[in-house]
Amino acid sequence: MTVDELKSMRKGHFVVMKTGCYPMKTRLKLFFKWVIKFEEAYVIEEQAERKVLYADRAELDAEILKKFPQEGRLLSLRTMKRWLKNVRLRREK
């Protein structure tokens with residue numbers, strides 16, 4: 001089947017592919033028309049609970065300048081270490 005044929009398939013028509021067989025175009029009823037009922041709603045456990053740490057602009061600027069230094073805007077290593085120490089102390093609070 002071409003892409004255009006796949007796009008223009010009618011509602012309820014599907015391409016069924018099974019291992020060891022050629023794909024076939026068929027018409028399938030929706031599950032609720034087969035009178036299939038579920039006892040409980042299917043719920044997936046949320047897995048997005050993780051600690052998020054945010055960086056402020058000054059911290060991002062310092063990391064960028066450390067990785068890609070530019071003439072005239074170089075920070076001394078001592079100044080950067082002192083600044084990063086203050087940032088880490090603020091995060092822990």
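**Entry 1. Terms and basis**

I take buried to mean under 20% relative accessible area, exposed over 50%, and partly exposed in between, with a 1.4 Å probe and protein chains only. The model is predicted, and I number residues from 1 along each chain as its sequence is written. Local features need pLDDT of at least 70, side-chain atom pairs count only at pLDDT 80 or more, totals for chains, interfaces and linings use all residues, and side-chain values use heavy atoms, with hydrogens and water left out. I read helices (H or I, at least four residues) and strands (E, at least two) as DSSP runs numbered from the N terminus.

**Entry 2. Salt bridges**

I searched the whole structure for salt bridges, each being a side-chain nitrogen of Lys or Arg within 4 Å of a carboxyl oxygen of Asp or Glu. The search gave two. Side chains of opposite charge can pair when their charged atoms come close.

I looked up E63 and K66, whose side chains form a salt bridge at 3.7 Å, N to O. Both residues belong to helix α2 and are three residues apart, about one turn of the helix. K66 is partly exposed at 43% relative accessibility, and E63 is partly exposed at 35%.

I then turned to R57 and D61, which form a salt bridge with their closest N and O atoms 3.7 Å apart. These two residues are separated by about one helical turn because they stand four residues apart in helix α2. R57 has 67% relative accessibility and therefore counts as exposed; D61, at 32%, is partly exposed.

**Entry 3. Positive patch**

I noted a positive surface patch made of R10, K25, R27, K29 and K33. Such a patch takes residues with over 30% relative accessible area and no salt bridge, and joins like charges within 9 Å. I place each charge at NZ of Lys, CZ of Arg, CG of Asp or CD of Glu.

I checked K29 individually. This residue is located in the loop between β2 (24-27) and α2 (57-67). Its relative accessibility is 58%, so K29 counts as exposed.

**Entry 4. R91**

Where does R91 lie? I found R91 in helix α3, which covers residues 77-92. R91 is partly exposed, its relative accessible area being 39%.

I next listed the contacts of R91 (heavy atoms within 4.5 Å). With neighbours within four places in sequence left aside, R91 contacts L53, Y54, A55 and E59. For Y54 I also recorded the spacing: R91 and Y54 are 37 residues apart in sequence and 8.8 Å apart in space, C-alpha to C-alpha.

Technical notes. Patches are made of residues with over 30% relative accessible area and no salt bridge: like charges are joined within 9 Å, nonpolar side chains (Val, Leu, Ile, Met, Phe, Trp, Tyr) within 5 Å. Accessible areas come from the Shrake-Rupley method with a 1.4 Å probe; for residues, only the protein chains shown count as cover. Lys and Arg count as positive and Asp and Glu as negative; His and the chain ends are not counted.
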